[in-house]
Amino acid sequence: MKLSLLKYLVITSSMLLVACSTTVKNVIVSTELQMVSNNAYQQKQAELMVTDQRLAKHIVQITKDNIVTEGSKRYFAQQALKDIITRSLTNGFKTSSLQLQPNATTKIEIVIDKAIINVVEDLVKYTANNEIVLRVIAKNNHETLTKTFKRIGTSNGPFNADMAVLERDFNQKLTKLLTDIIQNNALQEFINQKNTTLVTPYTG
């Protein structure tokens, strides 16, 4: 009886240790754009492209005492960030009456310049700095519109960072940023204008 109980305790303890040592493998990036159907883009056509120009593709980097080493932890999104953004923007633009068509005369390129959560941990607390920078380049046969959209933020707490909190903050910022892009007046005016030849490039 005692031997069986001891064996049970050893197995249970081992399972708990394995569970506690399991590390988070991915950051769950999810953007739910809360938009109602509207006619902002007046059924105009455009081709949408998203490119990721970040040298490093991870979303979260955790360092000790702000020193980057080989032991620093890095976490990636569950799938390519450009695919997540493409899906969200496709739905958002369609809701705003933009017809997305391959090879359309008007091109909308979304460039991911930054998308990172830098976390610095020490013995008693952590600080997380979020920065997302997306560049929008819209082109037609006559002109180009370029605009940069940026969201930054800082959070902190005791001991080690909670990945769920980091995910929530990042997703909220990314969702707001994508909404800002779709609802941007300069972009809407650029897409909706008539295709007439202009001498001065449209800068918004």
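**Close-up 1. Residue classes around the largest pocket of this predicted model.** By class, the lining of the largest pocket holds 7 polar residues, 4 nonpolar residues and 2 charged ones. The volume of this pocket comes to about 190 Å³. Of its 13 lining residues, T31, E32, L33, S88 and N91 are the closest to the centre of the pocket.

**Close-up 2. How helices α2 and α3 cross.** Here you can follow helix α2, residues 81-95, as it meets helix α3, residues 163-182. Their axes come within 10 Å and cross at roughly 45 degrees. Because of that angle, α2 is oblique to α3. As for its hand, the crossing of α2 and α3 is right-handed.

**Close-up 3. The residues where α2 and α3 touch.** On the α2 side, look for L81, I85, S88, L89, G92 and F93. Their partners on α3 are L174, L178, I181 and I182. Sorted by class, this contact of α2 with α3 has 8 nonpolar and 2 polar residues, with no charged residues.

Note on methods: Residues are numbered from 1 along each chain as its sequence is written. This is a predicted model: local features need pLDDT of at least 70, side-chain atom pairs count only at pLDDT 80 or more; totals for chains, interfaces and linings use all residues. Side-chain values use heavy atoms; hydrogens and water are left out. Axes are lines fitted to C-alpha atoms, for helices over the stretch in contact, and angles run from 0 to 180 degrees between N-to-C directions. Helices (H or I, at least four residues) and strands (E, at least two) are DSSP runs, numbered from the N terminus. Angles under 35 degrees count as roughly parallel, over 145 as roughly antiparallel, 65 to 115 as roughly perpendicular and the rest as oblique. A crossing is left-handed if the near helix is turned anticlockwise from the far one by less than a right angle, and right-handed if clockwise. Contact means heavy atoms within 4.5 Å. Ala, Val, Leu, Ile, Met, Phe, Trp, Tyr, Cys and Pro count as nonpolar, Asp, Glu, Lys and Arg as charged, and the others, Gly among them, as polar. On a 1 Å grid over the protein atoms alone, a cavity is a set of points where a 1.4 Å probe fits but cannot get out, and a pocket is an open set with protein on both sides within 12 Å along at least five of seven lines; lining residues have an atom within 4 Å of a point. Grid points are joined across faces, edges and corners, and a volume is the space filled by probe spheres set on the points.
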